Amino acid sequence: QMAHRLAAAAAMWAPPLVAWRGGLCQGRGLARLRALAPVQQWLQRVHPGCITSLHRWLNSKPHKEPLTAKKLDAQKNAGGSRGGGDQQKKEGDAGWWSRMQKGEFPWDNKDFRYLVVMVAGVATGFLYFYWRDPGREISWKHFVHYYLARGVVERLEVVNKQFVRVFPVPGAASEKYVWFNIGSVDTFERNLETAQRELGIDGSQRASVVYSTESDGSLILRVVPTLLMVGFLLFILRRGPLGGGRGGRGGGIFSVTETMAKILKNNVDVRFRDVAGCEEAKLEIMEFINFLKNPKQYQDLGAKIPKVRDMFALARKNAPCILFIDEIDAVGRKRSHGNLSGHNEQENTLNQLLVEMDGFNSSTNVVVLAGTNRPDILDPALMRPGRFDRQIYIGPPDIKGRASIFKVHLQPLRLDADISRDALARKMAAWTPGFTGADIANACNEAALIAARHASPTVDAKHFEQAIERVLGGLEKKTQVLQPNEKATVAYHEAGHAVVGWFLEHADPLLKVSIIPRGKGLGYAQYLPREQFLYTREQLFDRMCMMLGGRVAEQLFFGRITTGAQDDLQKVTQTAYAQIVQYGMSDKLGQVSFTLPLPGELASEKPYSEATAELIDEEVRALIHAAHQRTLELLTHCREQVEKVGKRLLEKEVLEKADMVELLGPRPFAERSTYEAFVEGTGSLDEDTSLPEGLQDWNLEQEEASQEERAQDKAP
C-alpha cells in the first residue's frame with residue numbers, strides 16, 4: 001500500500017524531479033533516497049530499465065546550448081540599449097519551462113521560484129494528510145466486545161481529551177490502531193473501570209492508559225486558505241503594475257525612473273500641418289521645439305525657456321527631446337489631508353515624481369509636457385513655477401477652427417465632383433457648434449460609412465447631414481414600434497418645443513425636428529446654437545421656456561403628463577440652479593456664487609447655511625414656475641400652430657426648416673445660419689495660421705538635415 005502511495009507521489013513530484021537533475025539527487029542525496037524502505041518497495045514494482053534510465057538522467061549534467069557568434073554579439077549589444085535588455089529579460093522570464101525541458105535549473109527566474117515554493121507547500125500539505133494513517137473508527141461497544149473482552153489491548157491513548165486510540169498487541173489485528181470518540185475523560189475512565197470490573201479483569205492485566213496532546217491539522221486547515229489568499233495577492237501585486245513585475249513593465253508606480261515611454265524620433269506620422277483648430281496651442285509647442293533646435297536665439301536675448309524638468313533617465317540619453325505624459329491626473333491627483341492610514345501608493349508616486357522633476361535645470365534640453373482633461377484635480381505642487389510652468393488650454397474649436405479641422409478630415413474622402421471641399425467644410429462647421437476634433441473626425445467617418453451602406457460611389461452633402469444627426473442624436477430606430485397614442489404624444493411634444501423656440505427671441509434657431517426614435521429618445525430636434533460665451537438672464541430664461549415646451553404641450557392637448565419630459569426637466573433644473581447658485585442672478589440671494597458639484601462627483605459640505613439653502617430652493621422653484629407659466633401662455637396663444645406642426649409630424653415624421661416656415665411663417669427674429677454670417681466682422685473667412693517672425697524658421701534644422709540625407713543617398 002505504501003509503495004502505491006509513493007508511486008502516486010512520484011507522479012505529482014515529476015516537475016521537482018526535473019529540477020533536482022544534476023543537483024540535489026547526485027551522489028549521496030540519491031543514495032539516501034533509494035535507501036528508504038518504501039522507495040525500495042516501489043523500485044521493485046516498476047521496470048528496472050526505467051529505473052536505470054531515470055538514474056542516469058538524474059545524475060547527468062544539464063545540457064547547455066553553445067553560444068554562437070550571433071548570440072555573443074547580441075549579448076554585447078544588450079547593454080547598449082534598454083529595449084534590448086528588456087527583451088532578453090522578457091524572453092528569459094517566459095522561457096523557464098523550455099529551460100526545464102532542456103535540463104537546466106532556472107532558479108534565477110522569479111516565476112519559477114514562486115512556482116516551486118507554491119508546489120512545495122501544496123505537496124507538503126498533501127503528503128502530510130495523505131501518508132498519515134487515520135486508523136479505523138469503532139464504537140465503544142465494539143471496543144469492549146472485540147478488544148477489551150479478548151484481552152488484545154496493549155495500551156489506550158487519550159488524545160486531546162476528544163478520542164481514544166486503541167493499540168492492539170502485535171499480531172492481534174491487521175490495523176496499527178483503531179479509535180473511538182469520548183464525551184469527556186471522566187466519563188471514559190468510569191466506563192472503562194466498570195467494563196473491566198464486569199469482565200473480571202484484575203489490576204495487573206488491565207490496559208494502561210496514557211494521555212497525549214497533538215495537532216490534528218484543523219489549525220492548518222483554517223490557516224491555509226488565508227495564507228493562500230495573502231500569497232496570491234502578494235503575487236499579483238509583485239507581478240502587476242503596482243509591484244513592477246513583468247506585467248508592470250518598468251518597476252511599477254514605485255519606480256519612476258523606468259518607463260513605458262516610446263521613443264518617436266524618425267517615425268512621427270502626425271505633423272503640425274495635420275493639426276487644425278488650435279493655432280495658439282500649436283504656437284506654444286512650436287516655441288518649445290524651436291528652443292530645443294535653436295537655443296542660442298533665446299539665450300542671446302537673456303531669455304530662458306520655462307524651466308524644464310525630467311523624470312526618466314531615458315529622456316536624458318535622448319536630449320534634446322520632448323517627454324509627453326498622458327493622463328497625468330492618474331498620478332498627479334491632489335493629495336488628501338487627514339489620511340489616518342498614511343500615504344497611499346498614489347501619493348508616494350506623486351512625491352517621487354516631484355523629486356525627479358526637481359533634479360534638473362533649464363540647460364537639460366528636455367521639455368516635459370503632460371495632458372489631462374481634469375486640471376482642477378491636479379496637486380498644486382505640480383502646477384507651481386519650476387515644474388509645469390505653462391498651462392496650455394485646448395478647448396473646443398470655434399467655427400473657423402472647425403472649418404480647418406473639417407478640411408483635414410475631408411482630404412482622404414472621395415467627394416462628389418460638384419462639391420467644393422472648402423465650401424463643404426464651412427457649411428459643416430456652421431452646423432456643428434460645440435463639436436470637438438474627435439466629434440468632427442467621427443462625423444466624417446460616419447458620412448463615409450453611410451455612403452458605403454447605400455452603395456454610393458462618392459460621399460455627398462446628404463451623407464454628412466445624416467452623419468451629424470447620427471453623432472448628435474444617436475442611431476435612428478425606424479423599426480421601433482410606437483403605439484398610436486404614444487406617437488401622437490411624441491409629435492405634439494416635439495411640436496411644443498419647436499413652436500416655443502420659433503416665437504422666442506433668444507431661443508436657438510430650429511434646423512430639423514423628427515419623431516423617428518434616435519438613441520434613447522423617442523423624438524429628436526436639431527437646433528443651431530449661437531457661439532457665444534456670455535449669456536444674459538433673458539437668454540437663459542428663454543432657453544428654459546423652450547425646454548418646457550414639450551411638457552406644456554402634453555398638458556394642453558392631452559390633459560396629462562408623461563415621463564418623456566424627464567430629460568427636459570433635468571436640464572431646466574440644472575439651468576435654474578446655475579443661475580441662482582453660481583451666476584448670482586437672484587435678487588433675494590444677492591451677488592454671491594457657490595460651486596456646484598460636477599456630474600458623478602460626491603456633494604461636498606455646503607459652504608452656506610440651511611437658511612440659505614432653503615432660500616436657494618425657493619428661488620429655483622419660483623424661477624421654474626415663472627418659465628412654466630410663460631410657456632403655458634405662449635402655447636395657449638399659439639395652440640393652432642402647435643396643432644399644425646403636430647399633425648404634419650404625424651404625417652411626414654420629419655420636418656425641415658422650410659416646412660416650419662410654410663406652417664408658421666418666417667421667424668419674427670433675425671437669425672444667422674450660414675458660415676459667412678457667423679464669421680462676419682471677425683477679419684477673415686479662414687483661421688489665421690501665420691507664424692510670428694521668431695518662429696518662421698522653427699523647422700529649418702530638420703529640413704537642412706533632411707536635404708543632407710537626400711544628398712548622401714544620391715551620392716554613389
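Which side chain meets that of Lys512 in a salt bridge with an N to O distance of 3.5 Å? In this predicted model, the partner is Glu656. The pair links distant parts of the chain, with Lys512 in strand β8 (residues 510-514) and Glu656 in strand β10 (residues 654-656), 144 residues apart. The points below cover salt bridges, helix packing and a surface patch.

**Salt bridges**
- The count of salt bridges comes to 22.
- Lys512 also forms a salt bridge with Glu469, the closest N and O atoms being 2.0 Å apart. This pair links helix α21 to strand β8, across 43 residues.
- Glu469 counts as buried because its relative accessibility is 7%, under the 20% limit. Lys512 is likewise buried, at 11%, whereas Glu656 is partly exposed, at 37%.
- Asp376 pairs with Arg374 in a salt bridge, with the closest N and O atoms 3.0 Å apart. Asp376 is partly exposed at 41%, and Arg374 is partly exposed at 27%.

**Helix packing**
- Helix α20 (residues 437-453) packs against helix α21 (residues 461-473) at about 120°, with the axes 8 Å apart. The angle makes α20 oblique to α21, and the crossing is right-handed.
- Helices α24 (residues 566-582) and α25 (residues 610-637) pack at about 125°, with their axes 9 Å apart. Their arrangement is therefore oblique, and their crossing is right-handed.

**Nonpolar surface patch**
- Met229, Phe232, Leu233 and Ile236 form a nonpolar patch on the surface, together giving about 430 Å² of accessible area.
- Leu233 lies in helix α12 (residues 218-239) and is partly exposed, at 48% relative accessibility.

How values were computed: Residues numbered from 1 in each chain as written. Predicted model: local features only at pLDDT ≥ 70, side-chain atom pairs only at ≥ 80, totals over all residues. Heavy atoms only, no water. Patch = residues over 30% accessible without salt bridge, like charges linked within 9 Å, V, L, I, M, F, W, Y side chains within 5 Å. Areas by Shrake-Rupley, 256 points an atom, 1.4 Å probe, with all protein chains shown as cover. Salt bridge = Lys/Arg side-chain N within 4 Å of Asp/Glu carboxyl O. Helix = DSSP H or I, 4+ residues; strand = E, 2+ residues; numbered from the N terminus. Buried < 20%, exposed > 50% of the residue type's maximum accessible area, 1.4 Å probe, protein only. Axes fitted to C-alpha atoms, helices over the stretch in contact; angles between N-to-C directions. Parallel < 35°, antiparallel > 145°, perpendicular 65-115°, else oblique. Left-handed = near helix turned anticlockwise from the far one by under 90°.
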